[in-house]
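Welcome! Take a moment to look over the sequence and the model before reading on.

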Amino acid sequence: MADVESQIQLVTFQLGEELYGVDIMDVKEIVKIQPVRPLPNVPFYVEGVFNLRKEIIPIINLHKRFRLKALDLGDNAMEEGGFVILNIEGNRIGIIIDRIARVTAVERSDIKAPPQMLSGIGTEYINGVIQKDADSPYLIMLDIRRLFNANELQKIIDVQKR
């Protein structure tokens, strides 16, 4: 049995054709797609806000943020998609996902530096990649603290106060 300290638990999800993961300690919860109230004068990747048990949560569209094509799920999009509610510097921010995968334990030693030519988002937003074997796809581990610079994060937080 592996040492708990040598592992990290990741919440994994699909955005477009790629599989992503974030540290489970940064995830508050996962919710089904909800109606989102659009707001004027927000960054282009902010879809709007929604009310989660009386808490206003800004919703970020990473497809727009990183110019990713959404996964075509047809009629199942509402059932398979959702929002991952993240804790970023004490603030709750939701990201739209195409499909939730699962929670998986990853050996820290299996996390490798991202290849320079990784499709999708820039390597500056990635903690590393995990590939179990040569035939399996990459699991891209996002660094949620680098998804937004300080100015962008403040603009997103200000959305909650509208």
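How many salt bridges does a search of the whole structure find? In this predicted model, the search turns up seven salt bridges.

Before turning to them, here is the overall layout. The chain holds three helices and 10 strands, and from the N terminus on the order is β-β-β-β-β-α-α-β-β-β-β-β-α. Of its 162 residues, 46% are buried. The chain exposes about 9100 Å², with carbon and sulfur atoms supplying 50% of that area. Among contacts between residues at least 6 apart in sequence, 57% join residues at least 24 apart.

Now for some of the salt bridges, with their N to O distances:

| Pair | Distance |
|---|---|
| Arg 145 and Asp 26 | 2.7 Å |
| Glu 29 and Lys 28 | 2.9 Å |
| Glu 152 and Arg 65 | 3.1 Å |

Let's begin with Arg 145 and Asp 26, whose side chains meet in a salt bridge. Arg 145 sits in the loop between β10 and α3, while Asp 26 is in the loop between β2 and β3, so this pair ties together parts 119 residues apart in sequence. Arg 145 is partly exposed, at 45% relative accessible area, whereas Asp 26 is buried, at 11%.

Glu 152 and Arg 65 form another salt bridge. Glu 152 belongs to helix α3 and Arg 65 to helix α1, so the pair links parts that are 87 residues apart in sequence. Both of these residues are buried.

There is also a network: salt bridges with shared partners join Lys 28, Glu 29 and Arg 53. Within it, Glu 29 is buried at 17% relative accessibility, and Lys 28 is partly exposed at 33%.

Technical notes:
Residues are numbered from 1 along each chain as its sequence is written. This is a predicted model: local features need pLDDT of at least 70, side-chain atom pairs count only at pLDDT 80 or more; totals for chains, interfaces and linings use all residues. Side-chain values use heavy atoms; hydrogens and water are left out. Helices (H or I, at least four residues) and strands (E, at least two) are DSSP runs, numbered from the N terminus. Buried means under 20% relative accessible area, exposed over 50%, partly exposed in between (1.4 Å probe, protein chains only). Contact means heavy atoms within 4.5 Å. Accessible areas come from the Shrake-Rupley method with a 1.4 Å probe; for residues, only the protein chains shown count as cover. A salt bridge is a side-chain nitrogen of Lys or Arg within 4 Å of a carboxyl oxygen of Asp or Glu.
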